[in-house]
Number of protein chains: 2
Amino acid sequence: MFKINENYLKLPGSYLFSTIAKKVAAYTEANPDKEIIRLGIGDVTQPLAPAIIEAMHKAVDEMGKAETFRGYAPDLGYQFLRDAIAQEDYKAKGADISADEIFVSDGAKCDSGNIQEIFSVDNKIAVCDPVYPVYVDTNVMAGRTGTYDAAKETWSDVIYMPCTAENQFAPDFPKETPNLIYLCFPNNPTGSTITKDQLQGWVDYANKVGAVIIYDAAYEAYISEENVAHTIYECPGARTCAIELKSFSKNAGFTGVRLGYTVIPKDLKCKDVSLHSLWERRHGTKYNGAPYIVQRAGEAVYSAEGREQLKKQVAYYMNNAGIIKEGLQAAGYSVSGGVNAPYIWLKTPDGMSSWEFFDYLLETANVVGTPGSGFGPSGEGYFRLTAFGSYENTLAAMERIRAM
Amino acid sequence: MFKINENYLKLPGSYLFSTIAKKVAAYTEANPDKEIIRLGIGDVTQPLAPAIIEAMHKAVDEMGKAETFRGYAPDLGYQFLRDAIAQEDYKAKGADISADEIFVSDGAKCDSGNIQEIFSVDNKIAVCDPVYPVYVDTNVMAGRTGTYDAAKETWSDVIYMPCTAENQFAPDFPKETPNLIYLCFPNNPTGSTITKDQLQGWVDYANKVGAVIIYDAAYEAYISEENVAHTIYECPGARTCAIELKSFSKNAGFTGVRLGYTVIPKDLKCKDVSLHSLWERRHGTKYNGAPYIVQRAGEAVYSAEGREQLKKQVAYYMNNAGIIKEGLQAAGYSVSGGVNAPYIWLKTPDGMSSWEFFDYLLETANVVGTPGSGFGPSGEGYFRLTAFGSYENTLAAMERIRAM
């Protein structure tokens, strides 16, 4: 008789956002007259920018003619897109990354889930707490996390780095030495970030202890402050210790378009084996490239028109972030984030648990957010709102919350 | 110090098609005046059908307007596409599969590589020999295949089922009992298939021994004979033992568009754990859906216009298959395939090895094919040509081969 991967059975409950969706569906069914405002899941609402729409139409037309039709894409992605990324996201920011160190993919969620595959099962991971659940869950599936303590909501073989108001949501170096360190700045879910100097500290630490940093820079476009790195490769030494994940979902609204990329510098090695070669092998064996049309859409993100239009889109969401942040502060909430990130992280009032506040907000204001505890035990007592709604909905949500 | 997944280092050489690409590039550089005809990799050449182009333009427009913009897709795929698949690929063929047993993905290559993840590492796999390399290589990466014997080109813990002229390229039940059985019919690379009765035999066998069949039906659209199953679920009993993988790459030319799906019936269980629930969890955790635009393109494949247009596209390639098959036979080659599949499988002449014939064909006729030995040891002495070229190139290639 065949056997299943028993690690899957260790996963507690369902994926956070599935649980939220079910709760909202149940509430909506019981209260069909209530108008729900969703500031929960980090999904964008603004349409794709005109430059991107134009590029996609053009690419669709190319696919309809024999002379310009494109079949399988190159394994690592089309050169035109990798060149644009290397130039705009790296060289223009003073970071030394070449086009052939970039792997185009269908999104940072997939990459952040798959990247652990090229590492040994007995490597120990360190994660921020709270954390984007995909990092931990995919390591659970791989059998890397030990046993689950349901009371503490922690795994025996995971190193947790608490990020709370006490340390300004910036992780301290862990007591136990990790092999893989997942970092995400600007952070999901807390909306906070660290300075470039602090990030340099992590690079130096990783090089010293022989760890790899898996750096999720999905929210880079929202950075507004000077002393925050746009890529980890701004930090000297990162080429020998860091993998960077990037998404087009939040800077260009590609949540339903699907595009991302992973950078693995060729200097990143375990003895004489380069991680670049391992990921290249995985990419070639288990993946077949992002759609041509989508890669052309990605290219348009870097065009002069595309950049101009997307700057406005980011500003639109950050205006929402400001409204939420100020609205909550005016209503007496303790709030962080929302300055370099589209997420606002608030302390739940009156000692409510995260899920209690979720229910309270849903039932009283008909606003959906995300319980902080869904991101890890140190998220308990916190709650995440996102700036990705429409301006009108964001205003309405804040009015309702103020009236609570 | 972090450690890598050592299983990757066991993989011999590079991915077959990368090796071919490098050989062709070297030849082209040395002989810039020669015009190469590529009948090697299974990539299509005909443009997307008008109905698909129209659907994609419409979807692109929707993405450009706030009212119709779509963000994250539902985990399992859009209902409109899953309904179309359930109706046209299953109900219309008398197979009992419901829409919620279908998982939409970005292609059968990814799914066929990822599906092994939900099974225990100590399951034993059986594969046809020759075989699509992805099945074996992804199990190597997972540590499921034991040690490699470089002389025999086989893995100690893989059960090989030879498919040669002696058994009409139809595998026999293996002596040792497997846990997972990879089957692909119509077959890549041999172009052969088995009858519905033979497939029923495999379903009965799998149910008897407690194995799961991973059934790759990527070439189903090319079936021309009556007694060949279009889906494994035509066979009673398949709901308790079979997972089916389908691609839009070959029936609709989506190699550069990226769309596929996997079917896991809810009756397929290991004790009380349904494989459907495990794959649902994986899908939700490590994947973020196929692009909306691409899912609309997939829907158009099932429209009346789409079906009519694609029937002609398949006929175009199968006409090429006939030209190759008859041309080779007239030239004295021993040939199979090309009747229910776009692949022609020929015996190399004069006892040449597969790679010797590759070089001979490249240098003498400037035609690129795929060495049979690249698909497994029993592929030695065989060679694959594909029908996916243009009509003109296919004719030209056959003239050159006849003149050799």
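How many residues of domain 1 of chain A are in contact with domain 2 of chain A? There are 37, and they meet 43 residues of domain 2 of chain A. Two residues count as in contact if their C-beta atoms, placed from the backbone, lie within 7 Å.

This is a predicted model, in which local features need pLDDT of at least 70, side-chain atom pairs count only at pLDDT 80 or more, and totals for chains, interfaces and linings use all residues. Residues are numbered from 1 along each chain as its sequence is written, while chains are lettered from A and ligands numbered from 1 in the order in which they are written.

In chain A, domain 1 consists of 7-47 + 305-402 and domain 2 of 53-303; these bounds come from an automatic or database domain assignment. Taken over C-alpha atoms, the centres of the two domains of chain A are 24 Å apart. On the side of domain 1 of chain A that touches domain 2 of chain A, at least two residues each come from α1 (7-10), α10 (304-330), β13 (335-337) and β14 (343-347) of chain A. Helices (H or I, at least four residues) and strands (E, at least two) are DSSP runs, numbered from the N terminus. The most is given by α10(A), with seven residues.

Now to the contact between the chains. Chain A puts 68 residues into it and chain B 67. Elements of chain B that each supply at least two residues to the side touching chain A include α5 (108-114), α6 (133-141) and α8 (275-286).
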